[in-house]
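Subject: Structure handover

Hi,

Here is the structure I promised to pass on. Please load it before reading further.

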Amino acid sequence: MHINKNYQNIEETYLFSEVAERVRKYMEQDPGASLIKMGIGDVTRPICKSAVEALIKATEEMGTAEGFHGYGPEQGYEFLRDAIADYYQREDGIKLFSDEIFVSDGAKSDIGNILDIFDKDNVVAVTDPVYPVYVDTNVMAGREVIKLSATADNGFLPMPYPGLEADIIYLCSPNNPTGAAYDRARLQKWVDYANQHGSVILFDAAYESFVTDPDVPRTIYEIEGARSCAIEFCSFSKTAGFTGLRCGYTIVPGGLVRDGIQLRKMWLRRQSTKFNGVAYPIQRAAAACLKEQGYAELTENIHYYKENAKVIADTFTELKWPYTGGKNSPYIWVKCPKSMKSWAFFDELLSKANVICTPGSGFGACGEGYVRFTSFNTHENTVEAMRRIKDIFGDK
Ligand code: PLP
């Protein structure tokens, strides 16, 4: 018997435990400090009224003989897949077929699980800094991962370059952690690259509902040719506050064929073998979120976070600290002042302003010298945190 030794090659991530440890130590010295967490990666607003009502109604149905639901369809209930297809049609003018939509318990699971359908010998390209799941899931499977630098020089949006040989390409737009988002022209270049090279793009659209800029596509299927090269992952987590309820979906277009096989069919086979679906009440709640009333309610929450993002972005504009994100994203990626390193600035911000951010170096080598702020705290706390930062670091 042998274990999967590739697990020994996964880098330990100490990022959030190290943040917690430094905060704990600081609080020992200064127990009265009123800390504000500006590194929160989870949503904080309650789920919308329509979702709550749908959850209760569906749960009550389950307690009746007529309304009981056992195992559901593997790809998700038709009412939810139809609601997702309507959503793409309504918001983006994109036609999806019901059999291309797979309901999941969140984007993270599918982003990892999709690798089951790809050969080990594919070369994987990710951006640096990166959402660590893309790297770790591939290292676990023994795949080679190449990093594409996301720096101020390329607007934190790496592009294909001559000589790039990548079979599987992860693109996250709007991006976690940088908040940068690909516009149509740039995304078109990636789609063209993938179609020319026979590569597959794994497009993570978890933050699509934060897109404001009309030039920024909310789905890769707005781009010509994407249906023959891209799989899209999406989630109700950040859109509708479902981080604790768990629901997402993956689109595998019928036109995506490699080695003569439709990837949609392979993914269906994989899911029906290893996955037994999402709870009926959760799928009902998710569908309620995409209906007009529910969508209007959850949009209020998105606006709330966007207002916070604006407060943060305006602060850094005023301080003249280079940053990206905040406009199409709940994340703001800021260059540390005085060329400080990420952890050094984290410590300074903690001790001088009692504000907690996330050091950028924890997301990859190119994140060194940056920190990530998020807009998931309350409005009052966000305003107060920014007031402190301006007081301490602004021109006196
Ligand atoms: N993709 C990105 C880029 C994320 O930042 C996150 C969560 O933070 C996820 C996916 C996970 O989403 P889910 O909660 O649907 O698993």
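This is a predicted model: local features need pLDDT of at least 70, side-chain atom pairs count only at pLDDT 80 or more; totals for chains, interfaces and linings use all residues.

Ligand site

Around the ligand there are 14 residues. Ala-107, Asp-204, Tyr-207, Ser-235 and Ser-237 come nearest. Ser-237 places a polar side-chain atom 2.6 Å from a ligand oxygen atom. Asn-176 also uses a polar side-chain atom, at 2.8 Å from an oxygen atom of the ligand. With Ala-107 the polar atom belongs to the backbone, and the distance to a ligand oxygen atom is 2.7 Å. On its own, the ligand has 400 Å² of accessible area, and the protein covers 91% of that.

Sheet

Next, the sheet. It is open, with four strands in the order E11-E12-E15-E14, and the pairing is antiparallel. Strands E11 (323-325) and E14 (358-359) each have a single partner strand, so one side of each is left without a neighbour in the sheet. E11 runs antiparallel to E12 (residues 331-335), and three bridges join the two.

Helix H10 (residues 292-319) touches E11, E12 and strand E15 (370-374). The direction of H10 makes about 15 degrees with that of E12. Helix H11 (residues 342-353) touches E14 and E15. Its direction makes about 50 degrees with that of E15.

Best regards

Terms used:
Residues are numbered from 1 along each chain as its sequence is written. Side-chain values use heavy atoms; hydrogens and water are left out. Two strands pair if DSSP finds at least two bridges between them. Contact means heavy atoms within 4.5 Å. Axes are lines fitted to C-alpha atoms, for helices over the stretch in contact, and angles run from 0 to 180 degrees between N-to-C directions. A residue is near a molecule or strand if one of its heavy atoms lies within 4 Å of it. A polar contact is a pair of N or O atoms within 3.5 Å; within protein, one must be able to donate a hydrogen and the other to accept it, and residues adjacent in sequence count only if both atoms are side-chain atoms. Accessible areas come from the Shrake-Rupley method with a 1.4 Å probe; for residues, only the protein chains shown count as cover.
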